[in-house]
Amino acid sequence: MIHKISIQSEKFDTAVEVASLVTGRHDIGAVVTFTGLCRDEGGRLSALELEHYPGMAEKKARQIAQEALQRWALTGITIIHRYGLIAPGEDIVLVIAASSHRRDAFEAAEFLMDFMKTKAPFWKREHLVSGETGAWVDARSEDDKAADRW
Amino acid sequence: MLKLVYFAWVRERIGKAEENLEVPTEVATVADLIVWLKGRGEEYDYAFENPDIIQAAIDHDHVRHETPVSGAREIAFFPPMTGG
């Protein structure tokens, strides 16, 4: 089941989100979380700006979660993706996959992230320490390859 | 009227986030729409200078460039996605 899909500007708390998914459940034997954080790229960046397509971002995240549910025996999925200005060290994205046995949760979490990176409508742009607005981040072929293997 | 929305550097190159346009009936597909938009001015020509890398969505669903546009309410154009 999909526990939660949220596209939000606010910060999130991974521990709170895990507790929300597992509380009261006795069928979950494995929880895998992935958190993506903003890097400063060696001190170069003051922030990353995440632009998104409202409406489509939620829809796509939900479709990706549905696809994971069809491929693996999962007992819960949470996807949270932030937008707006995100400072180095802050969280950008969280996926949680829960299952009875660990293999499903491990694989599903990786799948969810590979698809969120390449198929959900978000675009990153760099903000530089100098105060300038930097370049849009180019899509990486490694990310496409990672998504294609599923 | 068709609502067009643009994101990231496509939005910046065109200089607007969205617009409502009366699209001629001979524009049958997303690819046709890109060709027609490119003819509207140099800002569009710049945004779509490499149409193969531009992605499109009709009413919040990803579509290929050969997809028909008839019946669409909102068409989005954007560069490859870089979330996560």
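B:H60 counts as partly exposed because 17 C-beta neighbours fall inside 10 Å. The scale is simple: a residue is buried if 20 or more other C-beta atoms lie within 10 Å of its own, exposed if 12 or fewer, and partly exposed in between, with C-beta atoms placed from the backbone. B:H60 sits in the loop between β3 and β4 (61-63) of chain B. Helices (H or I, at least four residues) and strands (E, at least two) are DSSP runs, numbered from the N terminus. The phi of B:H60 is near 75°, a positive value in a residue other than glycine.

This is a predicted model, in which local features need pLDDT of at least 70, side-chain atom pairs count only at pLDDT 80 or more, and totals for chains, interfaces and linings use all residues. Residues are numbered from 1 along each chain as its sequence is written, while chains are lettered from A and ligands numbered from 1 in the order in which they are written.

Stay with chain B. B:A8 also has a positive phi, about 55°, although it is not a glycine. B:A8 is placed in helix α1 of chain B. It counts as buried because it has 23 C-beta neighbours inside 10 Å.

Next come two loop residues. B:A17 lies between α1 (8-14) and β2 (18-21) of chain B. Its 12 C-beta neighbours inside 10 Å are why B:A17 counts as exposed. B:A17 and B:Y6 are 11 residues apart in sequence, yet their C-alpha atoms are 5.2 Å apart in space. Not counting residues up to four places away in sequence, B:A17 touches B:V5, B:Y6 and B:R11. Contact here has a set cut-off: the C-beta atoms of the two residues, placed from the backbone, lie within 7 Å.

B:I53 is in the loop between α3 (42-47) and β3 of chain B. B:I53 is exposed because 10 other C-beta atoms are within 10 Å. B:P79 is 26 residues away along the chain, and the two C-alpha atoms are separated by 6.6 Å. Leaving aside neighbours within four places in sequence, B:I53 is in contact with B:P79 and B:P80.

Now turn to chain A and its helix α3 (residues 102-119). This helix has 18 residues and reaches 25 Å from its first C-alpha to its last, close to the 26 Å expected at 1.5 Å a residue. The expected span is 1.5 Å times one less than the number of residues. Buried residues of α3(A) include A:A105, A:A108, A:F111, A:L112, A:F115 and A:M116. The buried residues of α3(A) pack against β2 (30-37), α2 (56-71), β4 (74-82), β6 (91-99) and α4 (141-148) of chain A.

Helix α2(A) has 16 residues and reaches 23 Å from its first C-alpha to its last, close to the 22 Å expected at 1.5 Å a residue. Its buried residues are A:M56, A:A57, A:K60, A:A61, A:I64, A:A65 and A:A68. They pack against β1 (2-8), β3 (45-52), β4, α3 and β7 of chain A, together with β3 (55-58) of chain B.

How do α2(A) and α3(A) meet? Their axes come within 10 Å and cross at roughly 150°. Axes are lines fitted to C-alpha atoms, for helices over the stretch in contact, and angles run from 0 to 180 degrees between N-to-C directions. The two helices are therefore roughly antiparallel to each other. Angles under 35 degrees count as roughly parallel, over 145 as roughly antiparallel, 65 to 115 as roughly perpendicular and the rest as oblique. The contact is made by A:K60, A:A61, A:I64 and A:A68 of α2(A) and A:A108, A:F111, A:L112, A:F115, A:M116 and A:K119 of α3(A). These residues divide into 8 nonpolar, no polar and 2 charged. Ala, Val, Leu, Ile, Met, Phe, Trp, Tyr, Cys and Pro count as nonpolar, Asp, Glu, Lys and Arg as charged, and the others, Gly among them, as polar.

α3(A) also packs with α4(A), at an angle of about 130° with the axes 9 Å apart. That makes α3(A) oblique to α4(A). Here A:D114, A:F115, A:K117, A:T118 and A:K119 in α3(A) meet A:D143, A:D144, A:A146 and A:A147 in α4(A). This contact divides into 3 nonpolar, 1 polar and 5 charged residues.

Last, the two chains. Their contact takes 21 residues from chain A and 13 residues from chain B. On the chain A side, α3(A) gives the most, with 5 residues.
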